[in-house]
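Hi,

Here is the structure I promised to pass on. Have a look at it first, and then read my notes below.

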Amino acid sequence: MITLEQIRQPVAEEFQQFERSFEQALQTDNPLLKEVLSIVLARRGKQLRPLLVLLSAKLCHGINEKTIQTAVALEMLHTASLIHDDVVDGSDSGLPSVNARWNNKIAVLTGDYLLAKVIDIIAGLRNVKILGIVSDMGEALSEGELLQLHSNDDMWITEKDYFGIIEHKTARLFAACCEAGAASSGATMKQETALSCFGEELGICFQMQDDILDYSDSEELGKPTMSDIRDGKVTLPLLISLNRAPKQEAQHIIALTQQPFTLKTENDIKSFVLRYDGIHYAQQRMHEHMLTALSALSAFRPSPTTEALTLLLNHTVNRVF
């Protein structure tokens with residue numbers, strides 16, 4: 001099984017430098033903010049985004065201090081978006097969240113504080129290209145959240161709508177990490193474009209696998225299954241199944257989603273998705289995006305860094321959590 005430690009190997013030393021810089025950037029003398037940010041640090045997950053920044057720079061002309069600070073800024077922007085998302089989604093369970101531990105006001109203000117720190121870090125880089133990448137990506141994150149809110153409880157969204165949401169909410173951030181990492185090392189336009197494409201396709205695969213796993217029975221998942229449909233979000237496995245099923249059966253499933261969820265409701269919806277090959281279809285589409293990502297990476301000569309990015313792609317589409 002591929003581990004993140006294996007993938008980080010080409011940039012192991014620089015990744016430790018990033019972690020030290022990230023923790024240092026979150027230092028504050030404000031007692032309440034200090035306590036809140038300790039929760040933020042405790043919630044750090046796989047940290048794929050800074051890893052992409054570092055690997056992309058390594059693949060081009062090497063990692064420097066601008067690369068480290070770019071990784072810090074993008075991970076901080078991602079963290080701020082998660083804090084704000086918890087408020088939007090009304091999250092009060094699962095991993096400790098700022099709004100659950102304190103309240104929405106403190107969560108929003110903490111997210112705003114982190115966004116201000118991002119601006120400060122990016123401004124200090126004095127790199128117009130990276131500034132443009134980060135600002136465009138920030139806009140995309142907000143647009144994606146608004147697109148999803150607009151489509152919530154709409155059981156008949158199109159496949160195009162689905163991909164539009166995940167491109168804005170997830171893929172653009174992955175693309176920005178790769179492109180900004182390349183830009184921090186002085187990459188050529190061709191290199192930046194190739195890595196941006198790789199990052200976007202990787203991000204699509206990442207979100208699609210999340211959506212597929214939402215219908216799994218894996219105990220390693222670490223969160224309740226079918227959380228998306230409980231929140232009124234229709235993802236590709238259900239979307240395609242609704243379009244394939246007879247209208248009366250599809251309407252019955254839609255009616256189930258409007259009722260309080262029970263174990264029977266969950267099993268009925270899962271059986272419906274399996275019956276109409278919704279998961280298999282999503283896996284096929286994910287595989288198409290995986291091949292596009294590999295094609296983008298072929299612009300670079302084989303190296304330990306290209307191997308690490310390939311391993312990360314494989315890890316993303318084969319993970320069970």
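This is a predicted model: local features need pLDDT of at least 70, side-chain atom pairs count only at pLDDT 80 or more; totals for chains, interfaces and linings use all residues.

Let me start with a helix pair. The axes of α13 and α14 come within 10 Å of each other and cross at roughly 145 degrees. Axes here are lines fitted to C-alpha atoms, for helices over the stretch in contact, and angles run from 0 to 180 degrees between N-to-C directions. Helices (H or I, at least four residues) and strands (E, at least two) are DSSP runs, numbered from the N terminus. The crossing of α13 and α14 is left-handed; a crossing gets that label if the near helix is turned anticlockwise from the far one by less than a right angle, and right-handed if clockwise. On the α13 side you'll find Glu-249, Ala-250, Ile-253, Leu-256 and Thr-257, which meet Thr-265, Asp-268, Ile-269, Phe-272 and Arg-275 of α14. Contact means heavy atoms within 4.5 Å. The residues of this contact divide into five nonpolar, two polar and three charged.

Residues are numbered from 1 along each chain as its sequence is written, and side-chain values use heavy atoms, with hydrogens and water left out.

Now the whole chain. The protein chain has 16 helices and zero strands. Its C-alpha trace spans about 60 × 50 × 35 Å along the principal axes. For 321 residues a compact globule would have a radius of gyration near 20 Å, and the protein chain agrees, with 20 Å. That radius is taken over C-alpha atoms, and the globule rule is 2.2 Å times the number of residues to the power 0.38. Buried residues make up 55% of the 321, where buried means under 20% relative accessible area, exposed over 50%, and partly exposed in between (1.4 Å probe, protein chains only). Of the contacts between residues at least 6 apart in sequence, 79% join residues at least 24 apart.

Helix α4 has two partners I'd point you to. With α9 (residues 159-184), α4 packs at an angle of about 35 degrees, the axes being 7 Å apart, and the crossing is right-handed. Arg-49, Leu-52, Val-53, Ser-56 and Ala-57 of α4 make the contact with Leu-173, Phe-174, Cys-177, Cys-178, Gly-181, Ala-182 and Ser-184 of α9. Those residues divide into eight nonpolar, three polar and one charged.

The other partner is α2 (residues 12-25), whose axis comes within 10 Å of that of α4 and crosses it at roughly 135 degrees. α2 and α4 are therefore oblique to each other; angles under 35 degrees count as roughly parallel, over 145 as roughly antiparallel, 65 to 115 as roughly perpendicular and the rest as oblique. This crossing of α2 and α4 is right-handed. Glu-14, Phe-15 and Phe-18 in α2 meet Pro-50, Leu-51, Leu-54 and Lys-58 in α4, and the residues of the contact divide into five nonpolar, no polar and two charged.

Most residues other than glycine have a negative phi. Gln-47, in the loop between α3 (31-42) and α4 (48-59), has a positive phi, near 55 degrees. Arg-126, in the loop between α7 (104-125) and α8 (128-151), also has a positive phi, near 50 degrees. Leaving aside neighbours within four places in sequence, Gln-47 is in contact with Phe-15, Phe-18, Glu-19 and Glu-75.

Finally, α12 (residues 236-244) is mostly covered, with seven of its nine residues buried. These are Leu-236, Pro-237, Leu-238, Leu-239, Ile-240, Ser-241 and Leu-242. Their cover includes α9, α10 (189-213), α11 (227-230), α13 (247-257), α14 (263-275) and α15 (278-297).

Cheers

How values were computed. Ala, Val, Leu, Ile, Met, Phe, Trp, Tyr, Cys and Pro count as nonpolar, Asp, Glu, Lys and Arg as charged, and the others, Gly among them, as polar.
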